[in-house]
Amino acid sequence: MKTIIISKVVETSRVKKSAQPINALIVVDVQNCFINGNLSLSKSPAGQDGAEVIPIINNLIRTIPFDVIVYTQDWHPWNHISFFENLHFRRQYLAGDQNQTIKMFDKVTYLGPKYKMEQVLWPTHCIQETEDAALHKDLDVISSSSRVIHIRKGIDPDIDSYSAFADNYGVRKTELHDKLKERNVTQVFIAGLATDYCVTSTALDAFDLNYITYVVKDASRGVTLSTIKSQLKKLKQHGVHIITKNSVDLIGDI
Ligand code: VGL
Ligand code: ZN
């Protein structure tokens, strides 16, 4: 019995070593809203410039032969739960004192039939079909082919979605996992906006879905320095590899 188990382990690692990894680049939310629009990272606490990721990501796309390229977009309806301006629609569902003073960027908790978690209240951003939600014009968007996947998220008015794989409750999945599996992707490299929110959540989900997962730190920009730091630490502890643009290696650790 023991011998059988041991030989199985050996077999698995041998097969793994000889298999060629299939690599995807996931370009997270490189949209006007986070660069020069309603939720410009330059106006957020870390004061980072989201536009700086564009030439870096373009260079990755041009020089590295990724098998698959994914572009994600935050794609909210006008009445979305994450907008500070929509607080009045759901004030009755606030946990605690419903008359509490709440400011933009505060974290609140909504509790109710449809709500069960904390929500940061962002300025209205990335409304579906608007210029604010478009991918930035300088980003290299490979024209549609079997190599390209487009994902839109945050579409349900009542739940936010930082990850490109699923909403913040982990309930409603996007098509991303199925589409990556169809293409036999084994490794994902994640870059874009914002490091401490959508990049982090996408990377944690990718790891949990068994992809070998890399975050390209210097090809990403974030909202708040302290959360950028704490989220990168969390990612590392989770098993996500934090790398830089010059150390993208498609053979990786398989
Ligand atoms: C994001 C805040 C709100 C992101 C999306 O793309 O990281 N951040 N919506
Ligand atoms: Zn959003």
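**Exercise 1.** How do the residues of the shell around ligand 1 divide into nonpolar, polar and charged?

*Solution.* This is a predicted model, so let's start by listing who is there. Around ligand 1 you will find Asp29, Asp74, Ser82, Trp122, Tyr162, Leu193, Ala194, Tyr197 and Cys198. The tally for the shell is 6 nonpolar, 1 polar and 2 charged.

**Exercise 2.** Work out which strands stand at the edges of the open sheet.

*Solution.* Step one is to write down the strand order, E5-E2-E1-E6-E7-E8, with parallel pairing across 6 strands. Step two is to look at the ends: strand E5 (148–153) and strand E8 (241–243) each have a single partner strand, so one side of each has no neighbour in the sheet. On average, neighbouring strands here are turned by 20° against each other, direction ignored.

**Exercise 3.** Find what joins strand E1 to strand E6, and which helix packs on the sheet.

*Solution.* Begin with the pair itself: E1 (residues 23–28) and E6 (residues 187–193) run parallel and are joined by 6 bridges. Ile26 stands opposite Ile190 in E6. Next comes the helix: H3 (residues 53–63) touches E1, E2, E6 and E7. The direction of H3 makes about 140° with that of E7.

**Exercise 4.** Which residues touch the most other members of the largest nonpolar core?

*Solution.* The core has 56 residues, and Val27, Val70 and Ile190 are the ones to name. Helix H6 (residues 195–208) gives the most to this core, with 6 residues. Finally, follow Val70: beyond its neighbours within four places in sequence, its contacts include Val27, Ile149 and Leu176.

Note on methods
Residues are numbered from 1 along each chain as its sequence is written. Chains are lettered from A and ligands numbered from 1 in the order in which they are written. This is a predicted model: local features need pLDDT of at least 70, side-chain atom pairs count only at pLDDT 80 or more; totals for chains, interfaces and linings use all residues. A residue is near a molecule or strand if its C-beta atom, placed from the backbone, lies within 6 Å of it. Ala, Val, Leu, Ile, Met, Phe, Trp, Tyr, Cys and Pro count as nonpolar, Asp, Glu, Lys and Arg as charged, and the others, Gly among them, as polar. Two strands pair if DSSP finds at least two bridges between them. Helices (H or I, at least four residues) and strands (E, at least two) are DSSP runs, numbered from the N terminus. Axes are lines fitted to C-alpha atoms, for helices over the stretch in contact, and angles run from 0 to 180 degrees between N-to-C directions. Two residues are in contact if their C-beta atoms, placed from the backbone, lie within 7 Å. A nonpolar core is a set of buried Ala, Val, Leu, Ile, Met, Phe, Trp, Tyr and Cys residues joined through C-beta atoms within 7 Å. A residue is buried if 20 or more other C-beta atoms lie within 10 Å of its own, exposed if 12 or fewer, and partly exposed in between; C-beta atoms are placed from the backbone.
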